[in-house]
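Please look over the sequence and the model shown here before reading the report that goes with them.

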Amino acid sequence: MRWSYRDKLFPQRISRNFETLTVNRWNTDKGQKAGLKRWWHNIGRTMSEFCIVNKLWKSARIEVEGLEHLKAAQAKGAPVIFTSMHLGTWEALFVAIHEGLAGPSIGPFQPEPNRFKNRIVHAIRKERNQYLFPPGQRSAYRLHRLMNNGQYSMTIFVDEVRDKQVHLPSFGRPLPKKGNAIVAVKIANSCGGTIIPTYLVRLGPARFRMVILPPLERSEETTGYDLQETIRAMNDVFEPIVLEHIEEWYMLGELRLPRKFAQSAYAKALSEKNQVRKW
């Protein structure tokens, strides 16, 4: 990282979050710094891979694990709602689902602060004939309507930024009561759909593995998903995945942990887990 940039607020937050969530993972400061360096390298690769992301599925650069979970859900005849995290080159997840596994796929997206980035992303999605909806009540209504006609799957990332904070994974904080995770559950209940957690991990330059996990279970098949139980289950699925692949988690820079997080019971338990586990 350039010395002129490392003292700015954003990289300092990334460094602090990385150190806090990986405490005791490495035996030396050198190991911790190498891990942080890999995070920056992954982000650089991700940004550069956006220009070829639409080619990754057709050129067999994305392998799939857990396809049987998706096929079992599709066999029920109900819509599928994929929930995920911003890992690896996350846009490739949209491509794999929309063009290969369960297309056409729709969902919401979170605009970047930079309008030029938004133009690039919009052009990439337009090229593969995929439309994602901007935030807002009108978009939520359209998503509900389209998902209820049974012709689409939905892909939604539940680690979005809202109120200048990433609320999932919770990392010991209160679970969110609004946001994308809530939207996913409500739409699943509205259309009778199945929520399937999935994520992407990097295998190398422009090469990935998409992991499809078992569907989240309903407490009562007739009443759909319980809202808070499902959000908790979603967090229980994704939190260890993000911690394991934290060097690929894009949202690390948007996470704002409490000031006394390091003294919390969660942080102490995490430190012990990192120390016991051999990374």
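The report below goes through the model one topic at a time.

## About the model

This is a predicted model, in which local features need pLDDT of at least 70 and side-chain atom pairs count only at pLDDT 80 or more, while totals for chains, interfaces and linings use all residues. Residues are numbered from 1 along each chain as its sequence is written, and side-chain values use heavy atoms, with hydrogens and water left out.

Helices (H or I, at least four residues) and strands (E, at least two) are DSSP runs, numbered from the N terminus.

Two strands pair if DSSP finds at least two bridges between them. Strand β2 pairs in the parallel sense with β5 (residues 194-204) over 4 bridges, where V80 stands opposite T194. With β4 (residues 153-157), β2 again pairs in the parallel sense over 4 bridges, and here F82 stands opposite T155.

## Nonpolar cores

A nonpolar core is a set of buried Ala, Val, Leu, Ile, Met, Phe, Trp, Tyr and Cys residues joined through side-chain atoms within 4.5 Å. The largest such core has 50 residues, and those with the most contacts inside it are L21, I81, F171 and W249. Among the elements that give two or more residues to this core are α2 (9-21), α8 (180-191), β4 and β5, and α8 gives the most, with 7 residues. Apart from this core lies another, of 27 residues, among them I62, A92, L101 and I124.

Leaving aside residues up to four places away in sequence, I81 touches residues that include M147, M154, I156, A184, C191 and I196, where contact means heavy atoms within 4.5 Å.

## Cysteines

The structure holds 0 disulfides, a disulfide being a pair of cysteine sulfur atoms within 2.5 Å. C51 is exposed, with a relative accessible area of 65%, whereas C191, at 15% relative accessibility, counts as buried.

How values were computed: Buried means under 20% relative accessible area, exposed over 50%, partly exposed in between (1.4 Å probe, protein chains only).
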